[in-house]
Amino acid sequence: MIWEQFARPALFRIGGGDAETAHEWTLHRLARLSSVPSALSVLIKKYGTDNPVEVFGVRFPNPVGLAAGMDKNGIALPAWPALGFGFVEAGTVTALAQPGNEKPRVFRLRESAAIINRMGFNNEGAAALAERLAALPDRLPVPLGISLGKSKVTPLSGAVEDYLTSLRALGKHADYIAVNVSSPNTPGLRALQGREHLDELLGALVKEADGLPVLVKIAPDLTDGAIGEALGVCADTGVAGVIATNTTLARNGLAPADLFRLEETGGLSGRPLTTRAREVVSFVHRETGGRLPIIGVGGIMTPDDAARMFDAGAALIQLYSGFIYGGPALVRAAASVRR
Ligand SMILES: Cc1cc2nc3c(=O)[nH]c(=O)nc-3n(C[C@H](O)[C@H](O)[C@H](O)COP(=O)(O)O)c2cc1C
């Protein structure tokens, strides 16, 4: 209630309503909070939920994580567990620092409880994140995933080496690696979800990771056949799990008041993605006989959405849009859902 009535309206007014300005403002405040250990330990005692689960050999204090893209450069990592998250996925980072697409590139679709973004992997690069992680006084109190993507200037033929460069810089800081081949905002990236590319990429990353769990994040726009192929590659290469899903290129489910955003390019997240993301999780769960761990993400806006994502077969879940619209109360409520 406090989030919806006071905090969210105030945050949504920052920067004249520009979503990225509000995001940067909030992130920098959380970064400041991250450097005050006494405040963090009070918050984590108050808001942390103890509902532990072990997945792909890693122990999570609760199953609700922060999805990739919120803290791309890892500037506020210690703050997320203090807000109740049971794990954090930093990134997506690329081997080379890059500015991303032109602004504006993030749009809130309030009546639809949705977001359209075409950030384009704006990030300071893998080496900068590695330096920041090395400077943290302690490891985080929750598992840290690091999401890797391909640098925009690197052609698809150089993709494997590009991801490997990032992995070599960051592997030692991570509890798992997420291979992002599903962002719609880097031209050609999604082609890496095809069998041949994926086989080479995941094979090389799993080998280099040397026991560190490697997960692959897939798009909700793949056909069942294409998801089936990707799962075949996961089995062949020893991938530890699937993250389903990234944002969608579809534009179903927009409220009439948001239809003026219909032509905005980028990936759509939030409420319009709820059903499709759950369908993909359910499909992956069925196809793999429940043997491949799944992180369910996409349109989890209420505790009931969280419960249904677990029912569909997710071992862990992540929030992005739900956190923007529902705030820390949603994290806590979802973290104590019975599985
Ligand atoms: C502004 C924004 C930036 C994002 N950046 C990334 C990213 O860098 N890497 C990634 O794997 N997913 C990224 N995502 C996708 C989210 O991690 C998540 O998969 C997607 O938004 C669906 O979840 P949601 O409906 O809870 O938002 C981004 C999403 C948004 C809204």
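## Basis of the description

Helices (H or I, at least four residues) and strands (E, at least two) are DSSP runs, numbered from the N terminus. This is a predicted model, in which local features need pLDDT of at least 70, side-chain atom pairs count only at pLDDT 80 or more, and totals for chains, interfaces and linings use all residues. Residues are numbered from 1 along each chain as its sequence is written, and side-chain values use heavy atoms, with hydrogens and water left out.

## The annotated span

The unreviewed UniProt entry places the annotation "domain: Dihydroorotate dehydrogenase catalytic" on residues 53-332; such annotations, given with shortened feature names and in the numbering used here, may be inferred rather than shown by experiment. This span is 32% helix and 20% strand, and its end C-alpha atoms lie 16 Å apart.

## The barrel

Eight strands form a closed barrel in the order 3-4-7-8-9-10-12-13, with parallel pairing, where two strands pair if DSSP finds at least two bridges between them. From one strand to the next, the twist averages 25 degrees.

Three strands make an open sheet in the order 5-6-11, with antiparallel pairing. Strand 5 (106-109) and strand 11 (267-270) each have a single partner strand and stand at the edges, so one side of each is left without a neighbour in the sheet. Strand 5 runs antiparallel to strand 6 (residues 114-117), joined by four bridges, and Leu 109 stands opposite Ala 114 in strand 6.

Key. Axes are lines fitted to C-alpha atoms, for helices over the stretch in contact, and angles run from 0 to 180 degrees between N-to-C directions.
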